[in-house]
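Me: I'd like to go through this model with you, one contact at a time. Have a look at it first, then let's talk.

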Amino acid sequence: MAKPTITTLAMCVAILFGAAACGPSLVIQNVDYSQPIESVLSPDSNNEVHDQRYAIKFNISNLLEEEGTSSVDEIRLIRNNAGYYFVTAAGFNNVYVFETDEGELKLENKIEITGQGLGQPAFNQRDGFIELVDRASGDTYNLNQEGRN
């Protein structure tokens with residue numbers, strides 16, 4: 001009599017473990033992470049920028065060092081539909097593309113735009129790409145996380 005009870009108990013345990021391993025999984029696809037308009041952020045005395053509207057805060061000291069400058073008045077920031085952040089500023093030669101990770105932004109790509117520095121950059125969200133306009137020169141660039149289109 002004990003043998004069927006042990007077999008039944010073992011089967012119940014196996015079924016429970018199997019059900020737990022196949023637990024509920026929910027996937028939401030076709031997510032659009034894009035910000036409709038750019039954020040224009042002024043760094044504080046610690047070189048931190050904070051966008052309360054999109055809930056992001058980070059330090060730009062490494063960007064300034066990479067660009068060979070000590071300060072900027074404003075940082076331009078926009079996020080594309082794939083979730084990558086594009087960052088630049090007046091005087092920068094490059095646009096920096098970052099992907100998100102747990103508690104950090106990791107450089108995905110550094111897109112060289114000009115050797116003379118951008119005069120008055122502005123980002124626009126377009127269908128399938130980020131448009132960078134240098135309002136000082138009138139030049140326009142179409143960008144994605146891989147580089148220029």
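Me: Which residue's side chain does Glu38 join in a polar contact of 2.5 Å?
Reply: This is a predicted model, where local features need pLDDT of at least 70, side-chain atom pairs count only at pLDDT 80 or more, and totals for chains, interfaces and linings use all residues. Residues are numbered from 1 along each chain as its sequence is written, and side-chain values use heavy atoms, leaving out hydrogens and water. A polar contact here is a pair of N or O atoms within 3.5 Å; within protein, one must be able to donate a hydrogen and the other to accept it, and residues adjacent in sequence count only if both atoms are side-chain atoms. At 2.5 Å, the side-chain partner of Glu38 is Arg76.

Me: Which backbone nitrogen does the side chain of Glu38 reach?
Reply: Glu38 sits in the loop between α1 and β1 (helices are DSSP runs of H or I, at least four residues, strands are runs of E, at least two, and both are numbered from the N terminus). Leaving out residues up to four places away in sequence, Glu38 touches Arg53, Arg76, Leu77, Ile78, Ala122 and Phe123, contact meaning heavy atoms within 4.5 Å. The backbone nitrogen its side chain reaches, at 2.9 Å, belongs to Phe123.

Me: Is Glu38 buried or exposed?
Reply: The scale runs on relative accessible area: under 20% is buried, over 50% exposed, and in between partly exposed, with a 1.4 Å probe and protein chains only. Glu38 has 14%, so Glu38 is buried.

Me: What does the side chain of Asn109 reach?
Reply: Asn109 is in strand β7, residues 104-112, and counts as buried because its relative accessibility is 18%. Among the residues touched by Asn109, beyond four places away in sequence, are Tyr96, Gln145 and Glu146. At 2.7 Å, its side chain reaches the backbone oxygen of Glu146.

Me: Why do Phe92 and Tyr96 count as buried?
Reply: It comes down to relative accessibility. Tyr96 counts as buried because its value is 2%. Phe92 counts as buried too, because its value is 1%.

Me: What is the phi of Asn30, roughly?
Reply: Asn30 lies in the loop between α1 and β1 and is exposed, at 81% relative accessible area. Asn30 is not a glycine, yet its phi is positive, at about 60°.

Me: And where does Asn47 lie?
Reply: Asn47 also has a positive phi, about 65°, without being a glycine. Its place is the loop between β1 and β2 (48-51).
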